[in-house]
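Hi,

Here is the model I promised to pass on.

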Amino acid sequence: MVVSSSMARRGLVVLGLAACAVGFASEQVMAARAARRAAAPRQVAAAAPAAQAVPVKAFVDQYCVTCHNARMKAANLILQDKNTEDLAKDAETWERVLVKLHAGAMPPPNSRRPDDATYKGFIATLEQGLDAAVAKAPNPGRPPIHRLNRLEYTNAIRDIFSLQIDGKLMLPGDDSGFGFDNIADVLSLSPGLMERYLLAANKISRLAVGDPNVVPGVTVYDVSDRTMGQDDRMSEQLPFGSRGGAAIKHYFPLDGEYSVKFTLQRSDLAATNMIRGLDVENLIDVRLDRQRLKVVKIGGGGDKPTFGAVANYYAEEFAPDEKAEFRFKATAGTHTLGISLNRDHWTMEGVGPARLSLTSDAFNQGVTSGAGSGRIDMTIRKLEIGGPFDGRIPAASEARKRIFVCRPTGAADESACASRIMGALARRAYRRPVTPEEVATLVTFFKKGREGANFDTGIQTAIARMLVDINFLFRLEKDPGGAKPGMPYRLADLDLASRLSFFLWSSVPDEELLRVAASGTLSQPLVLEKQVKRMLADQRSSMLIGNFFDQWLYLRNMASVRPDPKKFPAFDENLRVGFQEETRLFLESQVREDRPVTELITANYTFVNERVARHYGIPNIAGSHFRRVTLPDDRRAGLLGQGAVLTVTSYADRTSVVQRGKWVMDHMLGVPPPPPPANVPPLDATVIEGSLRQRMELHRKNPVCATCHTQIDPLGFALENFDAIGTYRTMDGTTPVNATGKLVDGTTFDNPADFRKALLTRQDAFRRTLAEKLLTYAMGRGVETFDMPSVRQILRETKSSGDRWSSVVLAIVKSKPFQMRRAES
């Protein structure tokens, strides 16, 4: 869409103020980051349950200093000179030791190890000593000023204005830190990014209010690529008896006329470049909010070329979909535009024709080479929506209902009405009651936009100004008056409400949460617990489930993996989407059903449709609809048997023992290995005959490599029964798969099921890892040494509640790092 010249001038006014916000915000961010690194007292939680006391010095001298001394310096860790009486003086070192102990990684294999009671007693002694040593000086940390990331910005616009925007088109992606893209330290604000915010604010204000001067534009939606089959119903928003296509949510800015145009999938070879499946008549059904707009007939009859002359027909010369563009009327707001094909041009009886391999010549040419050799269906490649043409400001869109809580009866009461409108919007945008001065600033911009225009244009200008305000773009937490430098204090209820909503919803607080916070009762334990449960039950908590897990478990990478089609011809877009949906539904069910967190490892069920079930060898599943199934055996139990996890931890052409082992160490045990040393050749560059195990042994012959690979490789080999796209196998080519191994503590396993049982012997390490990752995500900063007593308190509270998801979330919300903050030093 094109911005009018008058709007551009108004945008420059906003930009002038935005530039000031950039300077102020940047100074605040830099100061906050410096303060965060300043020396500060440590924090403690309640003491752990009593256990057998084990003298720290005696244990270290007997089991640790043989390797961790000034001469050996194993893992760059020296314990012989550490203070064993006042643990707080070397708290960072002892916390590092605890991580290794919980994972069973120390003492290492083939070293002298204490009995189980002594081992657990030493862990308890360290934890109690560290907690007790810092009990009198809590330190909740001081997160830097926190800019909204792209997802939070997009969700905030949705919840303030009831307006769906595509944040990926408006704003660049965010940097990540500690594995997440909501970390305040890395969410910087450059002048270039501020310009993008300005452009986004201008566009959003026009979409929300409705600008009759909007110039028609075209939005293109990619429906599928060449490897996605469209032989079944693709969405519940599409009609029964349909196949393929997509149901797309699109925001229509004005009441008016719009156009729709679709493009059909072509063959992959330039020699033919034909529309696929053109030899059969297809009915293409286009609907708006499930109401039919038009049915377009393509293929068969006059559209059917002579197969003997296929090579002479190019898409440019023979493109019936080019004629399929048409216009329709739509009201302003978000609507679902659905496009699908009929599926009744063939009937499956018994075993139907197989889909052609993605690497076959017939598939690439887009023609069926003969009866019974397979089929190539017509498919939709992309959809284009144009407009608005002859647009009109909507009478009552959802966004306008949110904005215009009053209408002036004349020029005399315009300012009062504008103050009411902007005061209500700013309360949600700034996430607190606004001051008269803040409202006056927005009304000033209203008046500027009102000059030479109408009331709505003035409100549009004021909204654009509000959306570049520092109070919207940043989560600001102010120290209370009189707070001494470095003093810990409890957050004000409004700041707590903002932390809570961005943690659970990745968005601004709703009206109920704001009302409770403004009343000063949110921090009361029973009130807070009630709000947490309400917010978890809300559909918006899907943001926590998807956003946290996608980043923690690397599931976002599933969208970009590209398995070698020659080695893995079974992998296509349907399987990629199926893997993503399986894991999403599984994680959603775990959290919403409030299951124990250890079921991420052990759950005996998953979600499949026909495509995923066929890949897993699960019989009697038909159709594209996903349904919950009990697994026939335990080899695919939990996350470690799901295709998404197994695929993102593999290479394009083979499995990766190292990547899978590292993934388990990092995400299950919380002991990520260090980066590999320089000048170590990759596996494929080594010259050795034999099995994968024999080739991996070459790395371990180097003592420098052996230190890590002795721990990594057995964890990766445990999953070798699954190939690079998650297919279960017993043979790797001509070599039987050998999935045996043992954890660093000596626990052995023979197959993936045994491996899960072995991991459960270290479930405390998994629970701690999960708590640390979720606390990192919740706070928007990394977990520091001074946070570890709080992490242990979280684990104690959740264990008493059966380690259920609601108890984990609630314990994090109740923790000192979440509810408190340290005053600026």
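Predicted model: local features only at pLDDT ≥ 70, side-chain atom pairs only at ≥ 80, totals over all residues.

Residues are numbered from 1 along each chain as its sequence is written, and side-chain values use heavy atoms, leaving out hydrogens and water.

The protein has 29 helices and 18 strands (DSSP runs, H or I of at least four residues and E of at least two, numbered from the N terminus). Of its 825 residues, 55% are buried (under 20% relative accessible area, 1.4 Å probe, protein chains only).

The largest nonpolar core has 95 residues (a core being buried Ala, Val, Leu, Ile, Met, Phe, Trp, Tyr and Cys joined through side-chain atoms within 4.5 Å). Helix H26 (residues 763-779) gives the most to this core, nine residues. Phe503 is among those with the most contacts inside the core. Beyond its neighbours within four places in sequence, Phe503 is in contact (heavy atoms within 4.5 Å) with partners including Leu544, Leu774, Tyr777 and Phe818. There is also a second, separate core of 52 residues, which includes Leu193 and Phe474.

H26 turns up again with helix H3 (residues 91-102): the buried residues of H3 pack against H26, H2 (56-63), H4 (116-133) and H27 (788-800). Among those buried residues are Trp94, Glu95 and His102. Just after H3, Gly104 takes a positive phi of about 75°.

Cheers

Key
Buried < 20%, exposed > 50% of the residue type's maximum accessible area, 1.4 Å probe, protein only.
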